[in-house]
2 protein chains.
Amino acid sequence: MIPMSYQAFPVGVIHNTENETRVEIYEPYEAALLGLDGFSHITVLYWFHQNDTPELRSTLRVHPRKNPDNPLTGVFATHSPVRPNLIAMTPCKIIRMDGRSIFIDDIDARNGSPVIDIKPYIPIDKLEAAEIKTPSWVSATRGDNRKDK
Amino acid sequence: MIPMSYQAFPVGVIHNTENETRVEIYEPYEAALLGLDGFSHITVLYWFHQNDTPELRSTLRVHPRKNPDNPLTGVFATHSPVRPNLIAMTPCKIIRMDGRSIFIDDIDARNGSPVIDIKPYIPIDKLEAAEIKTPSWVSATRGDNRKDK
């Protein structure tokens with residue numbers, strides 16, 4: 001029988017300040033980092049914890065990038081930080097690792113955001129740029145990935 | 001104050017049989033699909049619900065792809081289906097959409113897996129193949145993405 005919900009526990013926290021951009025993994029999960037230094041990039045999954053209200057979780061359509069000129073769009077067709085499950089997914093370059101800390105290049109996350117998973121970035125052959133199609137509101141600001149959310 | 005856990009609700013279900021490969025979004029979330037047909041690819045986030053036991057969630061190291069020849073590796077450095085939070089992340093090509101159904105090319109998910117989020121696939125400039133580094137156990141079977149889990 002499928003339960004009504006699943007529980008995601010914080011496994012770490014994002015430090016995102018003027019001085020550092022770092023994922024700290026909590027001590028009980030340190031063993032899960034073995035071998036991550038063999039990768040150049042990761043995908044950080046975290047929770048938009050400041051939006052965890054029934055109202056924001058029931059917002060199903062938004063103007064992407066909070067720009068009213070962008071067409072009203074379903075949240076499953078955006079990376080909006082309001083969505084039924086508040087999962088954020090951001091690819092990052094690893095700058096260096098130090099114990100339980102992963103220093104990364106950049107992440108569009110609020111300081112203190114709870115991390116729920118780390119996955120290594122593995123290129124997938126079928127995702128060649130030539131094959132990818134996106135709507136015009138995406139390409140209008142391509143390259144400025146910080147505006148994705 | 002940060003809660004001890006976050007709740008993820010199923011927003012749909014994966015149908016993965018001989019006859020169909022389809023993500024069904026549940027009716028209350030249908031409005032969130034508006035505009036998804038402008039994309040060629042999505043990332044499907046689902047839950048490894050059959051592994052949701054304290055024992056499997058506390059498994060922090062595995063031999064990737066269940067191959068004992070691969071080095072013991074932290075789960076955060078793999079896409080293993082056992083990990084602290086049982087989130088699966090798979091990029092898929094959209095074949096066609098029909099109402100609340102997204103027909104996709106292929107997904108390495110068990111039939112009946114609960115979907116927790118859909119995100120559109122947006123290429124990111126910094127993730128150019130030339131820059132990506134992975135350990136040898138990945139490249140030994142590159143191209144066979146089904147074995148990623």
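Gln50(B) counts as exposed because it has 12 C-beta neighbours inside 10 Å; by the convention used here, a residue is buried if 20 or more other C-beta atoms lie within 10 Å of its own, exposed if 12 or fewer, and partly exposed in between, with C-beta atoms placed from the backbone. Gln50(B) lies in the loop between S4 and helix H1 (54-57) of chain B, where helices (H or I, at least four residues) and strands (E, at least two) are DSSP runs, numbered from the N terminus. Although Gln50(B) and Ser113(B) are 63 residues apart along the chain, their C-alpha atoms are separated by 8.4 Å.

This is a predicted model, in which local features need pLDDT of at least 70 and side-chain atom pairs count only at pLDDT 80 or more, while totals for chains, interfaces and linings use all residues. Residues are numbered from 1 along each chain as its sequence is written, and chains are lettered from A, and ligands numbered from 1, in the order in which they are written.

The model scores ipTM 0.91 and pTM 0.91. Chain A averages a pLDDT of 91, and 91% of the residues score at least 70; pLDDT is the predictor's confidence in each residue, from 0 to 100. Over residues 142-148 of chain A, however, the pLDDT is below 50, and this stretch has seven contacts in the model beyond near neighbours in sequence, two residues being in contact if their C-beta atoms, placed from the backbone, lie within 7 Å. Where pLDDT is low, the predicted coordinates should not be read in detail.

Chain A has two helices and nine strands, which follow the pattern β-β-β-β-α-β-β-β-β-β-α when read along the sequence. Its C-alpha atoms fill a box of roughly 45 × 40 × 40 Å, taken along the principal axes, and buried residues make up 36% of the 149 residues in chain A. Among contacts in chain A between residues at least 6 apart in sequence, 68% join residues at least 24 apart.

Several of the strands can be followed through their pairing, which requires that DSSP find at least two bridges between two strands. In chain A, strand S4 (residues 41-47) and strand S7 (residues 87-98) run antiparallel and are joined by seven bridges, with Ile87(A) in S7(A) as the bridge partner of Trp47(A). S7(A) also pairs with strand S8 (residues 101-104) in the antiparallel sense, over four bridges, and here Asp98(A) stands opposite Ser101(A) in S8(A). S7(A) and S8(A) form a hairpin with two residues between them, and Gly99(A) in the turn has a positive phi of about 60 degrees.

In chain B, S4(B) and S7(B) pair in the antiparallel sense over seven bridges, and the bridge partner of His41(B) in S7(B) is Lys93(B). S7(B) and strand S8 (residues 101-104) of chain B are antiparallel over four bridges, among which Arg96(B) has Phe103(B) in S8(B) as its bridge partner. In the hairpin of S7(B) and S8(B), Gly99(B) takes a positive phi near 60 degrees.

How the two chains are related can be seen by superposing them, which is done by least squares on the C-alpha atoms of residues with pLDDT of at least 70 in both copies. A rotation of 180 degrees with 0.0 Å of shift along its axis superposes chain B on chain A, with an RMSD of 0.0 Å. The two copies are therefore related as by a two-fold rotation axis. In chain B, the C-alpha nearest the axis is that of Gln7(B), 2.5 Å from it, and the same surface serves both copies, with 100% of the contact residues of chain B recurring in chain A.

Across the interface, 64 residues of chain B are in contact with 65 residues of chain A. The largest share of the side of chain B that touches chain A, six residues, comes from S9(B). The residues of this side divide into 37 nonpolar, 16 polar and 11 charged, where Ala, Val, Leu, Ile, Met, Phe, Trp, Tyr, Cys and Pro count as nonpolar, Asp, Glu, Lys and Arg as charged, and the others, Gly among them, as polar. Strand S1 (residues 6-8) of chain A pairs with S1(B) in the antiparallel sense over three bridges, and Tyr6(B) is the bridge partner of Ala8(A).
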